[in-house]
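Please examine the protein shown here before reading the discussion that accompanies it.

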Amino acid sequence: MEFKNVAVTEVDTLLEMLIDLGHSDGVKEIRTDRDALLGALFGPEPAAMAKFVLLQQNIVGFVIYSWKWGTFTGVRDMYMQAIYIHPDYRRQGLALGIMQHLAGIAQAHACSRIEWLTVKDKAMSRQFYDSIGATEASHMVVRRLQGEALSRLASSPAGSALSTQSTT
């Protein structure tokens, strides 16, 4: 197995695989498109890095990751955005190889951890991550502010978004 940085000319291949991943994860609306990937990976301030997973020079998967800063650790952390292996190549140890590769990158950049989200109902993913020693961050829950709620909060005058409910 080898890894190769995704090139500008290969963004369409990455997008196809990303859409396949979204469908397999049950994502109802996939808005990422070619332009979004080009901006995120190759824009003036790239938001993420993407690598293809190669077997005998064939692209069989990808991983997308980015950096975050640990508020309480005071150091850089890695955030794995997505990992994908084409169904024909699963159960061959590739996911383990990808995670080992990311762990090496994280250690080279003095990261304290790698974090990611998984779909709760995917038993295969859960079993794999458990097998490499990953733990659930049970002290936290993912919250989202998006769509109408995001727009409403952004356009509200300071302080007016706070609840005015009485506590008596």
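Q: Which pattern of helices and strands does the protein follow along the sequence?
A: The predicted model contains five helices and five strands. Taken in the order of the sequence, these elements give the pattern β-α-α-β-β-β-α-β-α-α.

Q: What percentage of the residues in the protein is buried?
A: A residue counts as buried when its relative accessible area is under 20%. The protein has 168 residues, and the buried share of them is 27%.

Q: How far apart do the centres of the positive and negative side chains lie?
A: The protein carries 16 positive and 17 negative side chains.

Q: What span does helix α1 reach from its first C-alpha to its last?
A: Helix α1 covers residues 11-24, which is 14 residues. At 1.5 Å a residue, a span of 20 Å is expected. The helix comes close to this value, reaching 20 Å.

Q: Against which elements do the buried residues of α1 pack?
A: The buried residues of α1 are V11, L14, L15, M17, L18, L21 and G22. In an α-helix there are 3.6 residues a turn, so residues three or four places apart point the same way. The elements against which the buried residues of α1 pack are α2 (34-42), β2 (49-55), β3 (58-69) and β4 (76-85).

Q: Which residue with a positive phi follows α1?
A: The phi of this residue is near 80 degrees. The residue that follows α1 with this positive phi is G26.

Note on methods:
Residues are numbered from 1 along each chain as its sequence is written. This is a predicted model: local features need pLDDT of at least 70, side-chain atom pairs count only at pLDDT 80 or more; totals for chains, interfaces and linings use all residues. Side-chain values use heavy atoms; hydrogens and water are left out. Helices (H or I, at least four residues) and strands (E, at least two) are DSSP runs, numbered from the N terminus. The expected span of a helix is 1.5 Å times one less than its number of residues. Buried means under 20% relative accessible area, exposed over 50%, partly exposed in between (1.4 Å probe, protein chains only). Contact means heavy atoms within 4.5 Å. Lys and Arg count as positive and Asp and Glu as negative; His and the chain ends are not counted. The place of a charge is taken as NZ of Lys, CZ of Arg, CG of Asp or CD of Glu.
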